[in-house]
Amino acid sequence: MALAGRRDAPELPDFGILKRLARDQLVYLLEQLPGKKDLFIEADLMSPLDRIANVSILKQHDVDKLYKVETRPAPGASDQFCFLVRPRLRTMRFIADIVNADKMSGRSRKYKIIFSPQKFYACEMVLEEEGVFGDVTCDEWSFYLLPLDEDIISMELPEFFRDYFLEGDHRWINPVARALQLLNSLYGPFGKTYGIGRCAKMSYELWRDLEEESESEGQGRKPEIGHVFLMDRGSVDFGPDVTSSDKSIKVLLNSQDKVFSQIRNEHFSSVFGFLSQKSRNLQAQYDRRRGMDIKQMKDFVSQELKGLKQEHRLLSLHIGACESIMKKKTKQDFQETIKAEHSLLEGFDIRESTSFIEEHIDRQVSPIESLRLMCLLSITENGLVPKDYRSLKTQYLQSYGPEHLLTFHNLKRIGLLTEQSAGETLTAVESKVSKLVTDRAAGKITDAFNSLARKSNFRAISKKLGLIPRLDGEYDLKMPRDMAYVFGGAYVPLSCKIIEQVLERRGWQGLEEVVRLLNGNEFCVSDSTVEDSPACESQRVVLAVFLGGCTFSEIAALRFLGKERGCKFIFLTTAITNSARMMEAMIEAKA
Amino acid sequence: MSRVRADEEEYWHSSKFRAFTFDDEDDELSQLKESKRAVNSLRDIVDDDDDDLERVSWSGEPVGSISWSIKETASGSASSLDGRDSSLQKGSSSYAALPKQASSYSLSSLFKGRNKLPSFQSLSDALTDTGVKSYAPELRRPKAEYKDYSSDWSPKDTVRRMQRGKVCSLERFRSLQDKLVLLDEAVAGHDGNVITAVLIFLKRTLRREILFRELEVRQVALCHLIHFLREMGEQKFLLDLLRFLDRTEEVALSQYREHLNIQDVEKRREFLKGCIGLPFSAEDTSHIQDHYTLLERQIIIEANDRHLETAGQSELFRKYPRKASILNMPLVTTLFYSCFYHYTEAEGMFSSPTNLKKTFKIPDKQYVLTALAARAKLRAWGDVDALLTTKVLQEYVRLVEDVETRLNLATKYKCHDVVIETYRDLKDRIQLTAYKSKVERGSAEEEKIHSILSNVQIRWKN
């Protein structure tokens, strides 16, 4: 191993202050409505709220009952209502309904809406239209950044993805710019900012705009973060999601959990070894109590037992989790899915993969899975052959419901699932050939023709950047060689590869072709006031900003890269995502 | 570093609401520097509610120069223009400036930011004689010291102020030229919230056709308006816009989307019927047609089966009560349902699997897969056998080279397709016609025979 060349990774900044700021501001806002009050909380703010405050803090500040937004208040509700919400129009209507119902029944109450992270003008417009403007007071809870782990900060805005990339709405760019401003003021100034993508560029520009007005008090302070890398999620990446798992138990997993902190980045195959080693140690430590005299036993009980018990609890939790993941993994479906994914990535057996997807659909296996595989096929092949597109779509609608017509339309608009335009395929030649040979061979020939005839962006990028590592021999997942280990050695997430390349080159030089294939909008700006010497600690701390979400696979890959290069990555993402969540965001539901 | 952190932590835990000031020459001050810096950075992010003076509704409605407490009690009049309360009436650009009560300093004041607009910054800088860069003291300054510059704000400044969450009057942008400059500035500012706010103003103050015409060349703004209309549920306006833009497919999809909000199945069916004529692509039109037909069938099946179930005469329904209604289920689920409860029904019945197969052109493979699952669930092994036999045998029988043997085997195992195709290849019209009696009435096989017999291109040998 090339351990010798590595430097110790720099320390991470402390993000605990972000939680404290958010909590204190919330407390302040609650106090703005003195006295007993009921609090209505937006469903998707609940879990973020749990991470920074708890019910007793709320109770301390006179919160009496807690409701979920969308539930009607009980008859014995208090005289003051406080709504902690995202700036959404339908939530405004819900609030207006409550206020108007109270008015009708002659009930007088005080109402306060706390918007997080900010208020939208359109929300006030709805309040005005509903005739409750003035009956309610509005405030903003500038809760932009939620540290999820020592190196992950989430904006908890999953809707960013759909709002920006599907609807083309720029409403979340301002919150991103403000989040950057806050981080810059606490941990900056950032020495160098890189970015790619239209959204990344706009966020950067708005952020700089905000910075220019502020007095930049951060200047002269010792920076803790050296580089920033902004990246659009959009169409940039869409890897398979091999490492995902269903969590039926809700546990707060982060680096404070000693066991988890050691296994989280390992490939699944090496986790077992680790866990079993760990449990053997544990057993050995327990066993020591045999043959102890009374005093030794007393010491053991008072000093070590608690720790051991704690470790024991954690271990059994993780072993249980592994079991449940294994159950899913060993299902035949899972293995086949992985196989199909890998074939798609490498671009062989397209025909076979297509019929694999078809079967998935016919058997009504999870609608999200089917969609995901179709999107993967489309991205790797630069769109589906019209014939395949039509037949897969028809079967999909038959299996999962005709209203998915809208889902297909959305996926087409966002570019995740498209149809090759007619001119690009060699249908005529193909049909002649297929008359001469069997179905199977015809499929292969079609593939060959297509790869000749069409230029696939994905293939070009993949080739250019070496996203699919060439395998000589077995890929040893226990001794990862590169970032591809997160996908069992099959694929390096594109986003991570780009970050690696740009940091290595300290810019975009030599990546012109890749940039072109990714639709450009790349930038690289240095802050001249910040010392740009690699010796400086902060120069080895990189803030990776994912606009539209970031996956745990990407996080694991970059953590690996950091370990290799002696640097640390901090992740700022609009939300933690995975392919299933991206697909769900494309599904049309009732208004 | 870590020592500072520890102190800071202690501060944050202990301070709660204890009042303090930055101009205090306290020793604590130095310790608080870090936290203060953090908090100050929040200035902009936090809405300054106390800056009442600057509150002019962005839509131009008077929100006023009066403190929030009054507004709260004014119960709704704040947004009315009835002039009952003249202080709520906004003059063109000047405001009654009520000096605000000096608020006591608390942690809360930390969150109150100073106005950060360049012009304001210099103004306040000039007024601040203490060199200390602290924010709390400014809140004490009577509001009257601020000048109102609203009428001087350029479109760019207006957009900037709005981006920072300030309320801004847009009413003075009256000429089309001014409105468009404002919109373009908003788009250039990259803040969707502001873009939408400007669009709401434009929508209110411009005739549709003019707004549409201008948006046609402003794609980013256009996206925002479409998204806004969709979120507001302003369907009619949205459709008008899409029609104006000639986006016919989107018109169709937007209308079709509405069906998701219709709960009543009869109404939904009627609505879907109306969707068939919408300008979808040819491919989608057939999907919509299928959707309508499917729901139509489901309504019929549901009514019958509910009746059967409540009457309690059908053993199948008694033994396997339905878990849910079949309404609004996908086609494959409906097929499964019908294979489960209505497997043996004649093709003429809407609820029969063969009828579904034919109506919706369900591929053989899909049909067999679903039927197998349903019959296996019922443990109807005979049906499973038959399904497997016909499917698998057919493939094998087809491969038998000797025509005589093939015909015998195919007839014996009722591989209709093979028999029919063999007679066709033998050009034996008599045998083929005779075979009609062996297949079910109205079945796909019968139709196949008919179509072969009526094929004028075949030169029959008899």
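This text walks through a predicted model of two protein chains, from overall make-up to single residues.

Some ground rules come first. In this predicted model, local features need pLDDT of at least 70 and side-chain atom pairs count only at pLDDT 80 or more, while totals for chains, interfaces and linings use all residues. Residues are numbered from 1 along each chain as its sequence is written, chains are lettered from A and ligands numbered from 1 in the order in which they are written, and side-chain values use heavy atoms, with hydrogens and water left out.

Start with chain A. It has 23 helices and 12 strands. Helices (H or I, at least four residues) and strands (E, at least two) are DSSP runs, numbered from the N terminus. Of the 591 residues in chain A, 58% are buried. Buried means under 20% relative accessible area, exposed means over 50%, and partly exposed lies in between (1.4 Å probe, protein chains only). Now look at contacts, meaning heavy atoms within 4.5 Å. Take the contacts in chain A with a separation of 6 or more: 78% of them join residues 24 or more positions apart.

Chain B comes next. It has 23 helices and zero strands. Its 462 residues are 48% buried. Among its contacts with a separation of 6 or more, 54% come from residues 24 or more positions apart.

Where do the two chains meet through H16(A) and H12(B)? On the H16(A) side, the residues are A:Leu405, A:Leu406 and A:His409. On the H12(B) side, they are B:Glu250, B:Leu253, B:Tyr256 and B:Arg257. By kind, the residues of this contact are four nonpolar, one polar and two charged. Here Ala, Val, Leu, Ile, Met, Phe, Trp, Tyr, Cys and Pro count as nonpolar, Asp, Glu, Lys and Arg as charged, and the others, Gly among them, as polar.

Now the geometry. The crossing of H16(A) and H12(B) is left-handed. That means the near helix is turned anticlockwise from the far one by less than a right angle; clockwise would be right-handed.

Stay with H16(A). Why is this helix largely enclosed by the rest of the structure? Because eight of its 10 residues are buried. Among them are A:Thr407, A:Phe408, A:Asn410, A:Leu411 and A:Ile414. The buried residues pack against H6 (159-166), H14 (367-381), H15 (386-400) and H23 (579-586) of chain A. They also pack against H12 and H14 (282-311) of chain B. After H16(A) comes A:Gly415, with a positive phi near 85°.

A:Asp62 has a phi near 65°. A:Asp62 sits in the loop between helix H3 (55-60) and strand E2 (63-68) of chain A, and is partly exposed at 34% relative accessibility. A:Arg506 has a phi of about 55°. A:Arg506 lies in the loop between H20 and helix H21 (512-517) of chain A, and is partly exposed at 35%.

H20 itself (residues 494-505) holds A:Gln501. Is A:Gln501 buried or exposed? It is buried, at 11% relative accessibility. Setting aside neighbours within four places in sequence, A:Gln501 is in contact with A:Leu465 and A:Leu511. A:Gln501 and A:Leu511 are 10 residues apart in sequence, and their C-alpha atoms are 8.3 Å apart.

One loop has a cis peptide bond. It runs from A:Ser116 to A:Pro117, with omega near -5°. A:Pro117 is in the loop between strand E4 (110-115) and helix H5 (121-129) of chain A.

A:Cys123 is buried, with a relative accessible area of 1%. B:Cys339 is in no disulfide either, as the nearest cysteine sulfur, that of B:Cys415, is 19 Å away. B:Cys339 is buried too, at 0%.

Terms used: A disulfide is a pair of cysteine sulfur atoms within 2.5 Å.
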